[in-house]
2 protein chains.
Amino acid sequence: MASYAVSRGAARFTEEQEALVIKSWNIMKDDSANIGHRFFLKIFEIAPSVRQLFSFLCNSDVSLENNPKLRAHAMSVFVMTCEAAAQLRETGKVTVRDTTLRRLGTTHFKKGVSDGHFEVAKFALLETIKDGVPASMWSPAMKNAWGEAYDHLVAAIKQEMKPAALL
Amino acid sequence: MASYAVSRGAARFTEEQEALVIKSWNIMKDDSANIGHRFFLKIFEIAPSVRQLFSFLCNSDVSLENNPKLRAHAMSVFVMTCEAAAQLRETGKVTVRDTTLRRLGTTHFKKGVSDGHFEVAKFALLETIKDGVPASMWSPAMKNAWGEAYDHLVAAIKQEMKPAALL
């Protein structure tokens, strides 16, 4: 496992932020399939054109709500994002398999994913988590902790965003 | 005034949709400065990088909340959008001054505004209107009416998106 060191970033991620991320992730974990799905539906609600980046959505006559490939993909992205966030401080780095990170970098590069896409996904993620935890648990500090963890993951992906041939 | 005919679009905009737009616009009109400002703050919340498209936000040390140029710009965009929506069915076209539409087209072209930008602005507009009217007034039909009116305005702007030299 592991292997993308962002030491400066990890140093900035405090114990309090870690606690907020882990507390909320523990609440959401068992419902990852549904919450992850809502995360992607929120992205597509904000920016419908993003659907074109997913080959399994093109030429599909199954609705977004019922597309099993979307559900599976959304859950894996959501779980990876949350697990990486929960382990950020403990490991001192963004904890994703090396090969996964390289694959993510290559795929995002190939698809032409831009800063704007990452921004929309961040907003959608934070809105989804806000709705995924009890209202009394959500706070500006929790939003900030998740936002920062997400930024670290994106920084790690961006660093791997290059053509496959250069790897 | 006037002058961008979208007859097919206007035909699709029903009396009921017109009534929903006008009813909500009448509620918001007097508070256009604040609601317009919230519209732009929502855009920047979703996609912070969009701020770079506005020259009056670059090199400014005034916060977004207190920037008078942003407030003025946001209000004029919001009022124009709502007025065009409210008049869509009556006039059978997107009602914006010819010169305004050409200027809007040129500016959006020059700044490299993309489909994604228009999508984010649409989402932000609908969220802002939802929060700008009484909760009992908001409905899926009202959301749909505003969304369709917005799409007509964007179609009119896109048709004018070309370099100034070609005009």
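Visitor: Which residues does Phe39(B) touch, not counting residues up to four places away in sequence?

Guide: We are looking at a predicted model, where local features need pLDDT of at least 70, side-chain atom pairs count only at pLDDT 80 or more, and totals for chains, interfaces and linings use all residues; side-chain values use heavy atoms, leaving out hydrogens and water. Residues are numbered from 1 along each chain as its sequence is written, while chains are lettered from A and ligands numbered from 1 in the order in which they are written. Contact means heavy atoms within 4.5 Å. Leaving out residues up to four places away in sequence, Phe39(B) touches Val77(B), Phe78(B), Ala121(B), Ala124(B), Leu125(B) and Thr128(B).

Visitor: Is Phe39(B) buried or exposed?

Guide: Phe39(B) sits in helix α3 of chain B; helices are DSSP runs (H or I, at least four residues), as are strands (E, at least two), numbered from the N terminus. Buried means under 20% relative accessible area, exposed over 50%, and partly exposed in between, using a 1.4 Å probe and protein chains only. With 3% relative accessibility, Phe39(B) is therefore buried.

Visitor: How far apart in space are Phe39(B) and Leu125(B), C-alpha to C-alpha?

Guide: Leu125(B) is one of the residues that Phe39(B) touches. Along the sequence the two are 86 residues apart, yet from C-alpha to C-alpha the separation is 5.8 Å.

Visitor: Which residues is Gly36(B) in contact with, leaving aside its neighbours within four places in sequence?

Guide: Gly36(B) also belongs to helix α3 of chain B. Its relative accessible area is 0%, so Gly36(B) is buried. Beyond its neighbours within four places in sequence, Gly36(B) is in contact with Ala74(B) and Phe78(B).

Visitor: At what angle do helix α3 and helix α4 of chain B pack?

Guide: Here α3 covers residues 32-46 and α4 covers residues 68-91, with their axes 7 Å apart. Axes are lines fitted to C-alpha atoms, for helices over the stretch in contact, and angles run from 0 to 180 degrees between N-to-C directions. Under 35 degrees is called roughly parallel, over 145 roughly antiparallel, 65 to 115 roughly perpendicular, and the rest oblique. The angle makes α3(B) roughly perpendicular to α4(B), at about 100°.

Visitor: How many nonpolar, polar and charged residues has the contact of α3(A) with α4(A)?

Guide: Among the residues that meet are Phe44(A) in α3(A) and Phe78(A) in α4(A). Ala, Val, Leu, Ile, Met, Phe, Trp, Tyr, Cys and Pro count as nonpolar, Asp, Glu, Lys and Arg as charged, and the others, Gly among them, as polar. By class, the contact of α3(A) with α4(A) has 12 nonpolar, 5 polar and 1 charged.

Visitor: Which residues have the most contacts inside the largest nonpolar core?

Guide: A nonpolar core is a set of buried Ala, Val, Leu, Ile, Met, Phe, Trp, Tyr and Cys residues joined through side-chain atoms within 4.5 Å. The largest one has 102 residues, and those with the most contacts inside it are Phe44(A), Phe78(A), Trp146(A), Phe44(B), Phe78(B) and Trp146(B).

Visitor: By what turn can chain B be laid on chain A?

Guide: Copies are superposed by least squares on the C-alpha atoms of residues with pLDDT of at least 70 in both. The RMSD is 0.0 Å and the shift along the axis is 0.0 Å, with a turn of 180°.

Visitor: Which residues does Lys158(B) touch, not counting residues up to four places away in sequence?

Guide: Lys158(B) lies in helix α7 (residues 140-159) of chain B. Its relative accessibility is 36%, so Lys158(B) counts as partly exposed. Setting aside residues up to four places away in sequence, Lys158(B) touches Asp115(B) and Phe118(B).
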